[in-house]
Every structure is written in structure tokens, then in C-alpha cells.
Amino acid sequence: MGSLLVALLVVGGTAFRVWQVARADDRRPVDIVVVLGAAQYHGKPSDVLEARLNQALKLYRAGVTDYVVTVGGRQTGDAYTEAQAGKKWLSSNGIPADHIVEVDVGEDTLGSMKAVANLAADRGWDTALIVSDPWHSLRARTMASDFGLESWSSPARSGPVVQTREFQFKYIVRETGGLLYYRLTHAPAELNGDGLG
């Protein structure tokens, strides 16, 4: 009975933190804004990815950073990586191309955050704002911090993943499981297909 209660408290506490971080916007001056990848179609961002890119554009225009890092690899047969599609969209919306850095590796959040942390170390960048979906924010910034990149989150507030309470509840449950799995194994949770991983 005691171990069941502890398990319930751990799961409940983690779900609360996922929800709590999802509701916060910790924007502040940082070395980089990191846009986590999501699907793209022939170089055109999906609605999920475009919502994230739009949030990064707002942060850049607000002067919180000089550099935006776009993240994400390619699916078999794709002409563009998610990172390339993100850079293309941002540059067409006014961010100079030399202020956008592509990290076109990583098939999941863990691989992407490791690649971003390596890039940051090479360039002397120490701080980051992570832009993803609200429910994904805690896991993504936890991974970035574990790789030595001091991170906060500024999630996208538009797009399909924030439309209904039912959808939001589903993602909180998924991210709670994903974060607990990561904390236990330090492996990706393999929640691919919807911007999670």
C-alpha cells in the first residue's frame, strides 16, 4: 500500500510539474532560442512547427536573443530537414540567415538536445530558451539542462496541440510518462509522430 501511494505521488507530482511549466513563459535574455522540430512537408512547416517558429520569431523581435537554432532531421524521402524548413520560414519572415543556425540531426528530443548542447559548447553559448509545445517544455528543458545547457522554456501558445482540453489532457498524460521514463532510463521515450520524442 505504501509503495502504491509513493508511486501515485510521484506520477501526480510529475503531472503537476508538466502542467505548471506548460503554463509558464520564462522568457529572458539568452544566448540562443531553440526551436524543436516537428513535421514539415517539402520545406513547408506543419501547423505544429509553424506555431513554434512564430513563437521564436516573436522572441527574436523582442530582443531576447541574437541567434535562433532550428532543430530536426529528415524522414526517408524528404528533401528538407525540419531544421532547414524552420530556417527557411524564419529567414522569409525577417530573421537574417546568419542569425539562424540549423541542427539537422536527431530523431527524438534527446538526440536533438544533445546536438544543440554540443553546438552551444562549441560556440560558447551557455543559456537557451526552448520553444516547443507547452506540454513538451519540461522534458525538453530537463534534457537540455542535463547536457549542460542552462535552459528555460517559452512554449508556443497556438497550433493544433493547444486547441481542446481533451487534447491537452492527452498530452499531459503522455509527457508525464515520457518524463518519468527519461528520468529512470536517460533514454528517449519514443513518442515520435507528433513533435514529441
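Q: In this predicted model, what makes the packing of helix α2 (residues 47-61) against helix α3 (residues 82-92) oblique?
A: The axes of α2 and α3 lie 10 Å apart and the two helices pack at an angle of about 50 degrees. Angles under 35 degrees count as roughly parallel and those from 65 to 115 as roughly perpendicular, so α2 is oblique to α3. The crossing in which α2 passes α3 is right-handed.

Q: Why is Y60 counted as buried?
A: Y60, which has its place in helix α2, has a relative accessibility of 19%, and because the cut-off for buried is under 20%, Y60 counts as buried. Not counting residues up to four places away in sequence, Y60 touches T65, D66, V68, I95, P96 and H99. Y60 and V33 are 27 residues apart in sequence, while their C-alpha atoms are 7.9 Å apart in space.

Q: How do you know that T176 is buried?
A: The relative accessible area of T176 is 5%, and since buried means under 20%, T176 is buried. T176 has its place in helix α6 (residues 165-185), and, leaving aside neighbours within four places in sequence, T176 is in contact with V11, T14, A15 and V18.

Q: What makes α5 roughly parallel to α6?
A: The axes of α5 and α6 come within 9 Å and cross at roughly 20 degrees. Angles under 35 degrees count as roughly parallel, and therefore α5 is described as roughly parallel to α6. The crossing in which α5 passes α6 is left-handed.

Q: Which residues of α5 and α6 meet, and how do the residues of that contact divide?
A: L138, R139, T142, M143 and D146 in α5 meet E175, G178, L179, Y182 and R183 in α6. The residues of this contact divide into four nonpolar, two polar and four charged.

Q: Why are the angle and the distance between axes given for two packed helices?
A: Those are the two quantities by which two packed helices are described.

Q: What is the basis for calling helix α5 (residues 137-146) mostly covered?
A: Eight of the ten residues of α5 are buried, namely S137, L138, R139, A140, R141, T142, M143 and A144. After α5 comes G148, whose phi is positive, near 95 degrees.

Q: What makes a set of residues here a nonpolar core, and which residues have the most contacts inside the largest one?
A: A core of this kind consists of buried nonpolar residues such as Val, Leu and Ile, joined through side-chain atoms within 4.5 Å. The largest has 21 residues, and those with the most contacts inside it are I32, V34, V69, V116 and I130. At least two residues of this core are supplied by each of β1 (32-35), β4 (67-71), β5 (100-103), α4 (109-123), β6 (127-131) and α5, and α4 gives the most, with six residues.

Q: Which residues does V116 touch?
A: Residues up to four places away in sequence not being counted, V116 touches I32, V34, V69, V71, V103 and L149.

Terms used. Residues numbered from 1 in each chain as written. Predicted model: local features only at pLDDT ≥ 70, side-chain atom pairs only at ≥ 80, totals over all residues. Heavy atoms only, no water. Buried < 20%, exposed > 50% of the residue type's maximum accessible area, 1.4 Å probe, protein only. Helix = DSSP H or I, 4+ residues; strand = E, 2+ residues; numbered from the N terminus. Contact = heavy atoms within 4.5 Å. Axes fitted to C-alpha atoms, helices over the stretch in contact; angles between N-to-C directions. Parallel < 35°, antiparallel > 145°, perpendicular 65-115°, else oblique. Left-handed = near helix turned anticlockwise from the far one by under 90°. Nonpolar A, V, L, I, M, F, W, Y, C, P; charged D, E, K, R; others polar.
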